[in-house]
Amino acid sequence: MTDLLIIGGGITGQVAALVAAEAGARVTIVDAQRNAGSHANAGSLHVQMQSRFLRLNPHLADNLESSLPLYLAAVGEWEALDARLGGVELTREGGLMLAETPAQLEFLHEKAGREARKGLDVEILNRDALHALAPWLSEQIAGAELCRNEGKLNPLVANRKMRAALDALGVRHVHDRITGIEDGPHPVAHGARAYAADAILIAAAWGAGALAGRLGLNLSTPPEPLHMNITEAGEYRIHHLVQHAERPITLKQFRSGQVVIGGGWEARTATADRQAPGIRKTSLLGNVALAAQIAPGIGGLRVLRTWAGYNTPVDGKSTIGPASHGSRVFFALPGDAGYTLGPITGRTAVSLALGLTPPVDPAPYAPARWRA
Ligand SMILES: Cc1cc2nc3c(=O)[nH]c(=O)nc-3n(C[C@H](O)[C@H](O)[C@H](O)COP(=O)(O)OP(=O)(O)OC[C@H]3O[C@@H](n4cnc5c(N)ncnc54)[C@H](O)[C@@H]3O)c2cc1C
């Protein structure tokens, strides 16, 4: 028997494992080794409300807005992790959300007011101020919201260093897919074999819904297949994380000079014969064409690689805590922008499981809202 069994070895489960192992617990991670968002993501540290999410899910705007303090804590958690892992190319030079029309700028103005009331460091930039700060932007951009809390990191480096840190602490990794859970004083997870533990933590993103159903929770976690691109290296000029108020684009430049381009363009859901999500040609062409319109200087760079992965946005709010009062099965599911939120979500959930003081108040994120 292990002290803590973690289902899901993405960034959320890994940080939970790190915290637990550092506290002296014996930890096993069991992972299906398929379609982790953590292995597909773009490394943006999001804090301001993403207009794409608001546009697609207007009914979930309150969930996103009430989670803003968690995003601020999440960036602090990543900074601590950057130091703990010996550097993951994290920079916090701020994020720009771009506007092309007066109506878009007005939308950002109103959004920035709400965010400032939640403690975010935001400012609306007019055309001159914006182009002085980001001279590589197209002339068609009329202004932007600058959020100084935002940043970026290199997920390839972070994932590699995280795995090495867990190996050094003796965390056990098992390849299996969990299909059932029995709750109790010593809960048991069932896959190809049974795993008993003092506590189980579900950090399985798109796989969490099926497990939650067995615990009486009506939590649905449909995966959202998304498209990404990365270019060859160019001169390092784009220091900010860049998004648009209305158009589907995020872009950022790694210190290597490579530009990572995404923004929610759709990919194909995995099928039985292809276990990973597939690329849509229209997304590849539309996404990079839009990027070159926003930042014309990158238009000459060749795209080196495109890929697709599973995002799991759920209801725009993290789910953190025991399945029910007194349960020894805990959830650690980040809300929208789950790579940003993964470490704080994992640390908070595992603190509850181990009886440690959580870094944030978990009450607003309790799984109780999913009780049918
Ligand atoms: C293309 C793309 C770009 C993104 N870009 C960003 C970004 O820039 N910034 C940001 O903040 N977020 C981004 N995201 C979102 C982010 O990647 C995810 O929300 C985050 O990585 C989720 O981490 P996780 O550890 O909770 O889950 P995951 O990393 O998804 O890991 C879950 C793991 O659980 C395993 N699993 C599932 N079911 C079971 C089961 N039953 N038994 C055993 N194992 C199971 C899976 O195999 C997987 O390994 C992006 C997502 C995508 C797809």
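A crossing of two helices is left-handed if the near helix is turned anticlockwise from the far one by less than a right angle, and right-handed if clockwise. The views below come from a predicted model.

**View 1. Helix α1 crosses helix α10 in a right-handed sense.** Helix α1 covers residues 11-22, and helix α10 covers residues 338-354. Their axes lie 7 Å apart, and the packing angle is about 40 degrees. The two helices are therefore oblique to each other. From α1, the contact takes in I11, T12, V15, A16, V19 and A20. From α10, it takes in G338, Y339, G342, P343, T345, G346, R347, V350 and L354. By class, the residues of this contact are nine nonpolar, five polar and one charged.

**View 2. Helix α1 also packs with helix α7 (residues 155-168).** Here the angle is about 35 degrees and the axes are 10 Å apart. The crossing of α1 and α7 is left-handed. I11, Q14, V15, A17 and L18 are the α1 residues in this contact. Their partners in α7 are M162, R163, A165 and L166. Seven nonpolar residues, one polar and one charged make up the contact of α1 with α7.

**View 3. A205 has a positive phi.** The phi of A205 is about 45 degrees, although A205 is not a glycine. Most residues other than glycine have a negative phi. A205 sits in the loop between β11 (194-202) and α8 (208-213). With a relative accessible area of 30%, A205 is partly exposed.

**View 4. A337 is a residue other than glycine with a positive phi.** Its phi is near 65 degrees. A337 belongs to the loop between β18 (329-333) and α10. The relative accessibility of A337 is 12%, so this residue counts as buried. The cut-off for buried is under 20%.

**View 5. K111 and E145 form a salt bridge.** The N to O distance is 3.2 Å. The whole structure holds 16 salt bridges. K111 and E145 make one of them. This pair joins distant parts of the chain, 34 residues apart. K111 is in helix α5 (residues 102-117), and E145 is in strand β6 (residues 143-147). K111 is buried, at 1% relative accessible area. E145 is buried as well, at 0% relative accessibility.

**View 6. R302 and E232 form a salt bridge.** The closest N and O atoms are 2.8 Å apart. The partners are 70 residues apart and link distant parts of the chain. R302 is in the loop between α9 (281-294) and β16 (303-311). E232 is in strand β12 (residues 224-233). R302 has 58% relative accessibility, so R302 counts as exposed.

**View 7. D315 pairs with R369 in a salt bridge.** Their closest N and O atoms are 2.9 Å apart. D315 lies in the loop between β16 and β17 (319-322). R369 lies in the segment after α10. D315 is buried, with 10% relative accessible area. R369 is partly exposed, with 30%. Elsewhere, salt bridges that share partners join E65, E110 and R114 into one network.

**View 8. A295 is a buried loop residue.** The loop that holds A295 runs between α9 and β16. A295 has a relative accessible area of 1%. A295 and E100 are 195 residues apart in sequence. In space, their C-alpha atoms are 13 Å apart.

**View 9. R274 is an exposed loop residue.** The loop lies between β15 (258-262) and α9. R274 has 51% relative accessibility and counts as exposed, the cut-off being over 50%. R274 and P185 are 89 residues apart in sequence. Their C-alpha atoms are 39 Å apart in space.

Key
Residues numbered from 1 in each chain as written. Predicted model: local features only at pLDDT ≥ 70, side-chain atom pairs only at ≥ 80, totals over all residues. Heavy atoms only, no water. Axes fitted to C-alpha atoms, helices over the stretch in contact; angles between N-to-C directions. Helix = DSSP H or I, 4+ residues; strand = E, 2+ residues; numbered from the N terminus. Parallel < 35°, antiparallel > 145°, perpendicular 65-115°, else oblique. Contact = heavy atoms within 4.5 Å. Nonpolar A, V, L, I, M, F, W, Y, C, P; charged D, E, K, R; others polar. Buried < 20%, exposed > 50% of the residue type's maximum accessible area, 1.4 Å probe, protein only. Salt bridge = Lys/Arg side-chain N within 4 Å of Asp/Glu carboxyl O.
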